[in-house]
Every structure is written in structure tokens, then in C-alpha cells.
2 protein chains.
Amino acid sequence: MIVKKQCHQIDEFTSFSGNTIKNVKVGWESYGTLNEDKSNVILITHYFTGSSHAAGRYHQKDEEPGYWDSIIGPNKAIDTRRFFVLSVDSLVNINAYDENIITTGPASIDPDTNQAYGMRFPVVTMRDFVNVQKSVLESLGIKGLYAVAGPSMGSMQAIEWASAYPTWVPRLISVIGSAEADGWTTLTLITQSALAPEFFNQVNTQLDHDAHISDPQNPMYDIRKAPPIVNWLMESAAEKSKKMDANHLLYLVRANQLFITGMQNNLEKGLSRIKAKTLFITANKDVLLMPYHAQKAVRIMQSQGKDVQLHDFDGDLGHLEGVSNIAAHSETIRSFLEQ
Amino acid sequence: MIVKKQCHQIDEFTSFSGNTIKNVKVGWESYGTLNEDKSNVILITHYFTGSSHAAGRYHQKDEEPGYWDSIIGPNKAIDTRRFFVLSVDSLVNINAYDENIITTGPASIDPDTNQAYGMRFPVVTMRDFVNVQKSVLESLGIKGLYAVAGPSMGSMQAIEWASAYPTWVPRLISVIGSAEADGWTTLTLITQSALAPEFFNQVNTQLDHDAHISDPQNPMYDIRKAPPIVNWLMESAAEKSKKMDANHLLYLVRANQLFITGMQNNLEKGLSRIKAKTLFITANKDVLLMPYHAQKAVRIMQSQGKDVQLHDFDGDLGHLEGVSNIAAHSETIRSFLEQ
């Protein structure tokens, strides 16, 4: 499945906080074919460091397919023989310098000054991400979704979609996600917590084989040297950061910190607007967005008489179960979409 | 119970990595009375930011007693009518500038140069903390313990005691602790993880009451302003850091990163040396030293036929259940000590 990034432009975008941003451009991708009455659209909303590249490959020799390729495609859980699947690069996308991502944020040129916005860019929210996606859909004549689904920060956008535009969203799938950013989440540091201890401990075992702890020549006895696992994480982060923009990171964190379903300081009210049949998938070793987030949303939605179900899965990847190992949940997703 | 800090000096201390440190001084405290045959000694080993101030008060108007005061004292779980309870300030104690703590580390004056050691101070380990404690005990003519007990980093020292000097330790109590620093722990950032989400979310609810998310004047829409919960954590950290030394922090982290019971790269072998009857107490919402640490040690010790038990407790403080709410485990500890 070869995919091509497309570009959508909004000449004047009004943010949730009331600011105008000119010439907003975002990238989007689609998989499958839009049917005649435009009733087969599934929107995929992406995670914190992700993009609209949810499935497929950019060229024949592209080694890394989109992050949910294992469940999006012909005959897969989200079957592109039947569905038109679409995804949009978020505003303030962190990978501002990735040639496959089109985003607007602090690293973009302000047409009024011909300089990068930097920290003059207005703070944007999950609702803004949703509104940009809606603009892309409307430009294609789409007036409603078959379903919206996303992992992690993508879950926040998916839930916000179902609350902000309930008549658009008959089905909602939240994977490793949350209906609000609580105090703990606001503080959370992402890089380590996205993976569970089991993952790091396996890496550590591979790194650690040479140094014996009772050998005074062990580099750990030099206070200026870091443990191998710390070096490994720092090097991984440095490699990833090459395509990232530091200001985009600040804005993206803030968009997460500001999130509460409905964007009205009232989680119950925000969730009460949802009309979608809803599936929450949690990873029981998730230490980033721990399962208590989804459990809380489910409790509230159940008390409101909503059609909501929760599937909790085991797996040593922790939070990233919802991205890297999503294929394990194929049958759950496939059967949910058939209902 | 009024207590007084005492000072113990070691003229030449040889570290586990083979370095000599001159004029090592550490503080210690004791509660209760040493009996004639010196058979009633319980050693308490302290946590990362703790000290030998495990119980009692420094003067009548002292508002804050030692951290385990709720279980150490007359008629308490660790009953000072019967036991002589002793605790020692660790080497490289982080609170180098606290007037109630006596420690030796990078902030100490090197007698050879009359300047602070800084990062020329040798890396020290849990075994070194144990050896300094042993020196204090031996200076009092003590040749064995009734029990050793400690929370968090104190658990590491307690387990190391039982492995390094098995004939000294007939009873071992590990609270919210671990028998080794694995890859995850080596990476862990302490300040946030010591408390569970429930705690921060309660604080956040108290901080958050003024700002409405749909008000464009909400300070969160200023990218230069931090969320209230982040400010709260930063201010708490700044306040605590006044008595801390940054180099001591580096060394203390390293001592933790280097820890594996027995200090021989082999956890099974290290644990196999233990002769103590052992109690592990875990906090099931602990996201700093998660219960899997203690569970792993228990599994290994059970396979070795050791006398070991595990008590897991619920509570919203997470890791800090083992310090702030230790009184909830009084009966478990009291009955363990009677066996």
C-alpha cells in the first residue's frame, strides 16, 4: 500500500482561545476509497510524536510502514476494502523538520513578519486539532464519520471529536488514552514512561554484559560517566530530536495539559454529549496514561447510560502496546466496527 | 522522646571500589537502651532523601518527628522498651547542609588539599553505607543485630546487610524496596514518582479552582507560564534543595544505580547468602520501586527455600506509603519481630 502525503490549507484559522492563525497548512493521508455517499470514513488521530502516517509505505523500499499498519489495510481489522481511512498531521506537530510531515506551529513563518512565530504562536488545544481535521474532511465533502480511533494523545482527540461533534461520531475507539489531563499527567515525562520496566530491563541486560560491578575499572566508578542504559536513552532521544522543534514540544505538551473532554472544565458534561458507541482499550502495564484514566471515563459514561466497553490487555511494552502491538487487538477492533 | 545526634569517625575508610577516604564522619541516633549482652539491636537504614532521624524529636517544640516515629517508640511496633534502635546518616547524604545531618561526601573538605572533594570523591555503594554502619555498631561493642529494617533505598541497604553479613542478621524487613537496581530504576526520576497519581490529582484540584479552560485569559494560554501543578512541584523542590548538595545527589544516584544484592553481578548468589527471616512490604500503587522488585526477590528466595513473606498494601500515597503511612503496617511488623 503506497501512500502519498497531501496538503490542506486554511487561510484563516480561529483557535479555541480566540486567536487567528493565517495560512494554516497540515498534511494528511488516506487509505482505501471514499464511497459514493461518503458514509465509510474512519478518522485516525495520532499520538504525541506521531503523524498522519498511520499505515502504508511512501515507496516500494520504505522499510517502516505507518504506525498502525498492522490493523489498517485490505483484510485487516480496519479493512480498507470497505473503509476510507484518513489521518491528519496535528498542529504544532513535534517533528517539524520531518520531510514527510506538514504542520503549522512555532517553527512556521508568520506571514505578517516573515519570521518564524517562535513563542508568539498562540497556544492550541485538542479542540483545535479536531477542528483542523474537520476542515480537511469538509473539504472532501464529508459530513459524518463511520468511526474515529486513536492511541494515546490520539485517544484524547477521538474523545473530543465525539463530544464536540456528537452527530458526526457514531463509533469511538480510545486506545491507551484518557478523557482528560489530570495533575499527574500534566507532570508526566514522556520518554521513559511510554515504555514499561520490562522493556528497559531487557535492553539493560543486553547493554550490561561487559562491566562487572566488583571491578574497580568498571566505568560506573567514574562519576562523570553515565550508566549504559542512560546513555542508550539519551542517544535514542538525540537521534529522534533531529527532526523535532523544541518550541513545538512546548506547545504540544501544553495542548495535552489543557485537555478535558468538551473543553469546559467539566468532564461529566463533556462526556455526556457523546452519542458514539465507544470502545476503550487499555494496557495494564501502562505507566504513562495508566488504565485508571480510561476506567474513570468508562465509569462516568456507564452512569450516563452510554454504550461503552473496556478491554484491558497484558503486555510488556506498557503504554506502547497500543501502538507497536496493536495487532494483538485486531479481533476486538474488527468486531466493534461491525456493530 | 528527645534524641541527640552523635558523631562517629573513621580515620581511614576503604571503599568497595578500593579507594581510601580519610576522616569519614557520619551522624547516628539511637532510641531505647542497649541491653547487657547487646542482643536487642535493631538497625534502621534510611531512604534516599532521609537521614538517621528515624524517630523522636530534637527538642520539646520540634514539630516534625523522625520519619518512622509512628512505629518506633515505647509500645510501638518497634518497641523501644525492649529494643535498642539505631540509625546512621549515609555517606554522600543528599542534605549535606542540614544542621542535623553529619555526612562525608563531595561537599566535605579533603584533608590532603583543604578543599572540597567535589567530583574527585570516589563513587560509593550500598555496601559502603553498610560498612560504615557496621563500624558504628562495632564501636559500641555490638556483634550482631536482632533485625535490620528500612524503606526504599533503606531496603537496599537492609538486604545488602543480610547478604554481606548473614550471621549478623537474623531478621530482615524490606519496605517499598528492591534487591537490585534494574534498568528501569536506573533511569527513574524520583521527585514525581515517589507519589502516586492520586496524590498529585488531589493537590491539582486544590490549585486549579480559579482558571476556566474556555477563558482566553486563563494563564495556561500564555506559553511562558507553567501549569499550577508544575509550579507547585518546582517550588516544593526548590525549598527542599536549600539543604542539598548537587554533587551529593549525583553520588547518591550512582550508589543506587550500582546496587545489586551481594555486589557481585549475580542476584541469585547475593540473595542465597541471606540467613535472615525476611518480610517484604510493598505498596501496590508504588510507581517508583514498583512491587515487581520485591516480588522478584521473594520468588528467588522462595526457590532457595528461604523463610520469606510478602505483604502488599493499598494506599493512595504510592511509594511514600512506606514512609508516611508506615503505621498502617504496625501489626505486621510487630508480629514479625516477635517470631
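**Figure 1. Buried residues of helix H6 in chain B of the predicted model**. In this predicted model, the buried residues of H6(B) are Ile229(B), Val230(B) and Leu233(B). These residues cover an arc of only 105° around the axis, which puts them on the same side of H6(B). Helix H6 of chain B comprises residues 228–241.

**Figure 2. Helix H6 in chain A**. Helix H6 of chain A, residues 228–241, has 14 residues. From its first C-alpha to its last it reaches 20 Å, close to the 20 Å expected at 1.5 Å a residue. Which residues of H6(A) are buried? They include Ile229(A), Val230(A) and Leu233(A). Because the arc that they cover around the axis is only 105°, they lie on the same side of H6(A).

**Figure 3. The open sheet of chain A**. In chain A, 8 strands form an open sheet with mixed pairing, in the order E1-E2-E6-E3-E9-E10-E11-E12. Strand E1 (6–14) and strand E12 (308–313) of chain A stand at the edges; each has a single partner strand, so one side of each is left without a neighbour in the sheet. From one strand to the next, the twist averages 20°. Within this sheet, strand E10 (residues 171–175) and strand E11 (residues 277–283) of chain A run parallel and are joined by 5 bridges. Ile173(A) has Leu279(A) in E11(A) as its bridge partner.

**Figure 4. Two helices packed on the sheet of chain A**. Helix H1 (residues 126–139) of chain A packs on the sheet and touches E1, strand E2 (20–31), strand E3 (41–44) and strand E6 (84–88) of chain A. The direction of H1 makes about 120° with that of E1(A). Helix H11 (residues 330–338) of chain A also packs on the sheet, where it touches E3, strand E9 (147–151), E10, E11 and E12 of chain A. The direction of H11 makes about 165° with that of E10(A).

Figure 5. E11(B) and E12(B) pair in the parallel sense over 6 bridges. Ala283(B) stands opposite Phe313(B) in E12(B).

**Figure 6. Salt bridges in chain A**. Side chains of opposite charge can pair when their charged atoms come close. The whole structure contains 30 salt bridges over all chains. One of them joins the side chains of Asp112(A) and Lys22(A), at 2.9 Å from N to O. Asp112(A) lies in the loop between strand E7 (109–110) and strand E8 (115–116) of chain A, and Lys22(A) in strand E2, so the pair ties together parts that are 90 residues apart in sequence. Asp112(A) is exposed, with a relative accessible area of 56%, whereas Lys22(A) is partly exposed at 32% relative accessibility.

**Figure 7. Salt bridges in chain B**. Buried or exposed: which describes Lys277(B)? With a relative accessible area of 17%, under the 20% limit, Lys277(B) is buried. Asp307(B), at 41% relative accessibility, counts as partly exposed. The side chains of Lys277(B) and Asp307(B) meet in a salt bridge of 3.1 Å, N to O. This pair links distant parts of the chain, 30 residues apart: Lys277(B) is in strand E11 (residues 277–283), and Asp307(B) is in the loop between helix H9 (292–303) and strand E12 (308–313) of chain B. Another salt bridge joins the side chains of Glu239(B) and Lys242(B), at 2.9 Å from N to O. Glu239(B) is partly exposed at 49% relative accessibility, and Lys242(B) is exposed at 59%.

Key: Residues are numbered from 1 along each chain as its sequence is written. Chains are lettered from A and ligands numbered from 1 in the order in which they are written. This is a predicted model: local features need pLDDT of at least 70, side-chain atom pairs count only at pLDDT 80 or more; totals for chains, interfaces and linings use all residues. Side-chain values use heavy atoms; hydrogens and water are left out. Two strands pair if DSSP finds at least two bridges between them. Helices (H or I, at least four residues) and strands (E, at least two) are DSSP runs, numbered from the N terminus. Axes are lines fitted to C-alpha atoms, for helices over the stretch in contact, and angles run from 0 to 180 degrees between N-to-C directions. Contact means heavy atoms within 4.5 Å. The expected span of a helix is 1.5 Å times one less than its number of residues. Buried means under 20% relative accessible area, exposed over 50%, partly exposed in between (1.4 Å probe, protein chains only). The arc is that of the directions from the helix axis to the C-beta atoms. A salt bridge is a side-chain nitrogen of Lys or Arg within 4 Å of a carboxyl oxygen of Asp or Glu.
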